[in-house]
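Visitor: I have a model open and I'd like to learn how to read it. Could you walk me through a few features?

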Amino acid sequence: MNNEKYDEAIEILETFIKHYGKTVNTLTNLSKAYYYKGNEKYARELILEGLNLDPNQEYALEWWIEMNKDNEINAIQQISKIKNAWLPKLYEALFFIDSDQNYSMNLYKQVLNDLSGNIEIQSEALNNIMLDLCSIKKY
């Protein structure tokens, strides 16, 4: 979408949605097109709709954070409240890892506990947690 053909992108994405339904990826891309076209309010509505479909989709979550770069932690915490959200909680834990390690560790434990029935996703979360823990200044 860097070629500034936002109207064409919007038309293609809306046609896709009409025929195949909404997905987090199409809503994220549609959000970006509207955002860069200047309609930030509608772009925010679209990305929130996408994140409500899947709050753990990294592409969408990263776009939401970018849209809220002036207040990243509030944006992350807002998505963390969505049912079954675990990736935003890992982002939140990483945000606080140097300033409040106890809070971060509790979030990590909560995520692993919440995912205890899904070994594949739990393994992915555990991998992210290990990378985060390797990045802390002191523990």
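Visitor: Let's start with leucine 112: does it count as buried, exposed or partly exposed, and why?

Guide: The idea is relative accessible area with a 1.4 Å probe, protein chains only: buried is under 20%, exposed is over 50%, and partly exposed is in between. Leucine 112 comes out at 23%, so it counts as partly exposed. One caution: this is a predicted model, where local features need pLDDT of at least 70 and side-chain atom pairs count only at pLDDT 80 or more, while totals for chains, interfaces and linings use all residues. Residues are numbered from 1 along each chain as its sequence is written, and side-chain values use heavy atoms, with hydrogens and water left out.

Visitor: Which residues is leucine 112 in contact with, leaving aside neighbours within four places in sequence?

Guide: Contact means heavy atoms within 4.5 Å. By that rule, leucine 112 touches Gln122, Ala125, Leu126 and Ile129. Take isoleucine 129: it sits 17 residues from leucine 112 in sequence, and their C-alpha atoms are 9.5 Å apart.

Visitor: Where does leucine 112 lie in the secondary structure?

Guide: Helices are DSSP runs of H or I with at least four residues, strands are runs of E with at least two, and both are numbered from the N terminus. Leucine 112 belongs to helix 7. The protein chain has 8 helices and 0 strands.

Visitor: How far apart should the ends of helix 7 be, and how far apart are they?

Guide: The expected span is 1.5 Å times one less than the number of residues. Helix 7 has 14 residues (101-114), so it should span 20 Å, and its end C-alpha atoms are 20 Å apart, which agrees.

Visitor: Which residues of helix 7 are buried, and which are exposed?

Guide: Gln101, Ser104, Met105, Leu107, Tyr108 and Val111 are the buried ones. Looking down the axis of helix 7, they fall within an arc of 160 degrees, so they line one face of the helix; the arc is taken from the directions from the helix axis to the C-beta atoms. On the other side, Asn102, Lys109, Asn113 and Asp114 are exposed. The cover over the buried residues includes helix 6 (87-96) and helix 8 (119-134).

Visitor: What about pockets? How much space lies in the largest one?

Guide: On a 1 Å grid over the protein atoms alone, a pocket is an open set of points where a 1.4 Å probe fits, with protein on both sides within 12 Å along at least five of seven lines; lining residues have an atom within 4 Å of a point. Points are joined across faces, edges and corners, and the volume is the space filled by probe spheres set on them. Here the largest pocket holds about 230 Å³. Its lining has 14 residues, with Glu58, Leu87, Leu90, Tyr91 and Leu94 nearest the centre. Helix 6 gives the largest share of that lining, 5 residues.

Visitor: Which residue has a positive phi although it is not a glycine?

Guide: Most residues other than glycine have a negative phi. Asparagine 84 has a positive one, about 70 degrees. You'll find asparagine 84 in the loop between helix 5 and helix 6, and at 60% relative accessibility it counts as exposed.

Visitor: And the chain as a whole: what share of its residues is buried?

Guide: Of its 139 residues, 41% count as buried. The C-alpha trace spans about 50 × 35 × 25 Å along its principal axes.
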